[in-house]
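I opened this model to look up its charged pairs, its helices and one surface patch. My notes follow in the order I checked things.

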Amino acid sequence: MIEKKITTTFYQTDYNSLSSLEKNLIDLSNQSLNEAYAPYSGFMVGAVVLLENGEIISGNNQENVAYPSGLCAERVAIYYAGAKFPNVKVSSIAISAKSKKFEIKDVISPCGACRQAIAEYEVKQEENIRILLHQSDNSILIVESVSDLLPFMFKSKGLQNF
Ligand code: THU
């Protein structure tokens, strides 16, 4: 048996070091989370998608009394982008979160299903999607590709033929 490893890379920076465009994306994700519909968890997430053509799409989590029917902020935003601008590539996504119930101390990063959803668009567009994660200590974690969040992801070009 041979041990093999996959390395992922992320960058840590702070809000003030970001470009004005990326500061704006973080600001918008912080604004968007305040509009989240999260009466059950009190966990508010904002996700902002920047498209290659400069369009900016904000989303937030939408919960439902039948819990699994709700949807995370990242998928609300990226699916809306896919629906409205099907042929425009996604450049980056900024994500912020806050809880009405507790102080967030864990790393804020998209759930597995959202990573897979973002991966779909990265594979489709054959270009990386940069992901900015706004942390509760105000630092920003950045990955240059969703594959850094989802190593060994499921992708099968063959399935696209059906
Ligand atoms: N949530 C997101 O919006 N994005 C994530 O990546 C993780 C979780 C939402 C779903 C649910 O409304 C609440 O946060 C608590 O899980």
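I started with Arg130, which forms a salt bridge with Glu22, the closest N and O atoms being 2.7 Å apart. Arg130 lies in strand β5 and Glu22 in helix α1, so this pair ties together parts 108 residues apart in sequence. By salt bridge I mean a side-chain nitrogen of Lys or Arg within 4 Å of a carboxyl oxygen of Asp or Glu. Helices (H or I, at least four residues) and strands (E, at least two) are DSSP runs, numbered from the N terminus.

The model is predicted: local features need pLDDT of at least 70, side-chain atom pairs count only at pLDDT 80 or more, and totals for chains, interfaces and linings use all residues. Residues are numbered from 1 along each chain as its sequence is written, and side-chain values use heavy atoms, with hydrogens and water left out.

I then checked burial for the pair. Buried means under 20% relative accessible area, exposed over 50%, and partly exposed in between (1.4 Å probe, protein chains only). Glu22 counts as buried at 11% relative accessibility. Arg130 counts as partly exposed at 22%.

What else does Arg130 pair with? I found a salt bridge from Glu144 to Arg130, the closest N and O atoms being 2.9 Å apart. Glu144 lies in the segment after β6 and Arg130 in strand β5, so the pair ties together parts 14 residues apart in sequence. Glu144 is partly exposed, with a relative accessible area of 32%. Shared partners join Glu22, Arg130 and Glu144 into one salt-bridge network.

I searched the whole structure and found four salt bridges. One of them joins Lys89 and Glu127, with 3.0 Å between the closest N and O atoms. This pair links distant parts of the chain: Lys89 sits in the loop between α2 and β4, Glu127 in the loop between α3 and β5, 38 residues apart. Lys89 is partly exposed at 26%. Glu127 is partly exposed too, at 39%.

Next, helix α1. It covers residues 20-33, 14 residues in total, and reaches 20 Å from first C-alpha to last. That is close to the expected 20 Å, the expected span being 1.5 Å times one less than the number of residues. Which residues of α1 are buried? I list Glu22, Leu25, Ile26, Ser29, Ser32 and Leu33. Seen down the axis, they fall within an arc of 125 degrees, so they line one face of α1. The arc is that of the directions from the helix axis to the C-beta atoms. Their cover includes β2 (43-51), β3 (56-60), β4 (90-99), β5 (130-134) and β6 (139-143).

Ser92 lies in strand β4. Ser92 counts as buried at 4% relative accessibility. Leaving aside neighbours within four places in sequence, its contacts (heavy atoms within 4.5 Å) are Leu25, Val48, Val49, Leu50, Ile129, Arg130 and Leu132.

I turned to α3, residues 112-125. Its buried residues, among them Cys114, Ile118 and Tyr121, pack against α2 (73-84), β4 and β5. Glu126 follows α3 with a positive phi, near 55 degrees.

Last, the surface. Tyr40 is in the loop between α1 and β2. Tyr40 counts as partly exposed at 34% relative accessibility.
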